[in-house]
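Biologist: Please show me the structure, and let us then go through it by question and answer.

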Amino acid sequence: MSSNATPAESTVTVSDADLSEAANGILEQFPDDLDGDLPSAEEVASRLDQMTNQYKVPLDEARRAAVSHYRDVFGLEYDDLEFPGQSAGDITLASVDQDEQWVDVTVKVVELWEPTHDSIDQVGLIGDESGRLKFTKWAKAELLTLEEGRVYKLSNVITSEYKGRYSINLNSRSNIEAVDGDIDVGADVEDVQLSAPMVAIQSGSGLIKRCPDEDCTRVLQNGRCSEHGDVEGEFDLRIKAVFDDGETVQYAIFDREATEAIGGITLEEAKEMAMDALDTSVVEDALIDALVGRYYSVEGPIVGRYLLVNEAEQLG
Amino acid sequence: MSESNPESTSSSTDTENNDSDRQGRQVAKRAFAAEINDATHVFKQSDEERAPNFALLPSGEVANRYFLVGTVTEVNDVGNEDEYLQARVVDPTGTMFVYAGEYQPQAAAFLSSLEPPAYVAVTAKPSTFESEGETYVSLRPESITRVDDETRDRWVAETIERTEARLDAFPGSDSEFVAMSRKQYGDSLDLDTYREAVADAREDLGLGVDHRSDGSESENTVENQHEGDDATLDEDGAPEEEAFDESEVAAAVANAELED
């Protein structure tokens, strides 16, 4: 994951030595027992050479694209790749500030939530003295079941970032070890309750499509996932709302369940509506008409800058 | 690996959103028409080109945007060639003017199909324009939706609270915006006007009216709304003076209640 190429290096000519080092680094990430032969280091280097020296793509990006390409060729999940010496080591949750960084954390399970998808084994909040973060434990990782209130050392977990808020993913490369003792979890994230009008619904609300890759679920932009390219997206409903009581602004996310409850519309109805209009944006517009400008009481944990809505009720 | 984060680019089509997201979105202030229409001093806090505009509320606060709920009484196309809709939005203290043209497609579509009277909730940015030597406040809607009377009453109650809090804090405040209001609005600054506005709003909600003896509250409310209209066009006009004594009583009552 780390790169020894600075942007300055990569925008000028990338040397053969660097290309070959990068090519070998890529090949090391692929397991040995593949169906089919791995490309030679020369082939990979030539691919990188074309992207960097011919198309002026930074080496880091070229490397990423090459990994993604070979992953497609061999039908591998991101999870299947190997990252020697990958973990950045023990860190505190509050210090997480990078996407896709492998780290070790020792945390208490603060809260377990209901998984929203079969691919998710457990989801919830973990915390240490420094703060709290959402975590997702993927079903196919086949890891130990976490219990609320217990302390664990989670090693080789990977961070992910979504709109400036971070979370921790546990996948098949991760380890869970129960640890004796207790942690006084930092109080920076609590369920909060607020009463305020919804003053805006942001774009990217309503009927959206997510990447079908179970480790990804990114929202597609024009049918494309930034990680997986053109994919057959899966429909979902959400609202990115702004609440404003005249003194502070609070961003909030309604997931599908919360959106269905407050918007009085099911995912199926939203799909029909979009089908009739030949346009998914009608759902966002309908939600704006139905919801913006009214007062609500909403409740949920604050993660990053978002309140994740568990309960919402319009105030009459 | 994360140079191309999908979510961080998703709102880039809406540069204003994107911009304010990065700096933190500006709060939507609550104020009545009587005060919004007097907040004619609009300024930037920095020299940067994209720095947000703020309207200086006479009660010593600044507003980059407002959230308000009122009754649309009339929608007119005041554009020359292109459609430019002017909506009169009335609250218990006066009339605000909301304008929507081609750059506010959602609001323009909404207003052109709206049949007044109707309660609406508006999130809007203030600006000003000059006409015949007078400065008028206009509001540019970011969103406008139809709401019910309960939402409207809730907004009136909330705005009473916020306005009173500003007025109460004003006399002893060392806030830079209180100082700016004193300097900027100088002689024309009369905070009693907004006490009266609050009193009108309380009366509208049926708060504190039972302390009064003449039994003409509902009639007065309607009258005051009309007077508010006039006042926005002519700040020194007679209507406010006519309503003065009565409103002063109501304001005193309102204050007495606050102290309880």
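Modeller: Helices are DSSP runs of H or I with at least four residues, strands are runs of E with at least two, and both are numbered from the N terminus. This is a predicted model, in which local features need pLDDT of at least 70 and side-chain atom pairs count only at pLDDT 80 or more, whereas totals for chains, interfaces and linings use all residues. Residues are numbered from 1 along each chain as its sequence is written, chains are lettered from A and ligands numbered from 1 in the order in which they are written, and side-chain values use heavy atoms, with hydrogens and water left out.

Biologist: By what distance along helix α4 of chain A are A:Glu61 and A:Arg64 separated?

Modeller: The side chains of these residues, A:Glu61 and A:Arg64, form a salt bridge of 3.2 Å, N to O. A salt bridge is a side-chain nitrogen of Lys or Arg within 4 Å of a carboxyl oxygen of Asp or Glu. Both residues lie in α4 (residues 59–74) of chain A, 3 residues apart, so their separation is about one helical turn.

Biologist: Which residues of α4(A) meet α2(A)?

Modeller: Helix α2 (residues 16–29) of chain A packs against α4(A) at an angle of about 35°, with the axes 10 Å apart; axes are lines fitted to C-alpha atoms, for helices over the stretch in contact, and angles run from 0 to 180 degrees between N-to-C directions. Contact means heavy atoms within 4.5 Å. From α2(A) come A:Leu19, A:Ala22, A:Ile26 and A:Gln29, and they meet, in α4(A), A:Leu59, A:Arg63, A:Ala66 and A:Val67.

Biologist: In which loop is A:Lys56 found?

Modeller: Most residues other than glycine have a negative phi. Phi of A:Lys56, a residue other than glycine, is positive, near 60°. A:Lys56 is found in the chain A loop between α3 (41–54) and α4.

Biologist: Where is B:Pro117 placed?

Modeller: Most peptide bonds are trans. The bond from B:Pro116 to B:Pro117 is cis, with omega near 0°. The place of B:Pro117 is in the chain B loop between α4 (105–112) and β8 (118–131).

Biologist: Are α5(B) and α7(B) roughly parallel or roughly antiparallel?

Modeller: Helix α5 (residues 149–169) and helix α7 (residues 192–204) of chain B pack with axes 10 Å apart, at an angle of about 150°. Angles under 35 degrees count as roughly parallel, over 145 as roughly antiparallel, 65 to 115 as roughly perpendicular and the rest as oblique. The two helices, α5(B) and α7(B), are therefore roughly antiparallel.

Biologist: At what angle do the axes of α6(A) and α7(A) cross?

Modeller: A:Ala270, A:Met273, A:Ala274 and A:Ala277 of α6(A) meet A:Val282, A:Val283 and A:Ala286 of α7(A). The axes of α6 (residues 267–277) and α7 (residues 281–291) of chain A come within 8 Å and cross at roughly 120°.

Biologist: How many salt bridges are found across the interface of chain B and chain A?

Modeller: The contact takes 31 residues from chain B and 37 residues from chain A. Among the salt bridges is one of 3.6 Å, N to O, between the side chains of A:Glu247 and B:Arg162. Across the interface of chain B and chain A, the number of salt bridges is 2.
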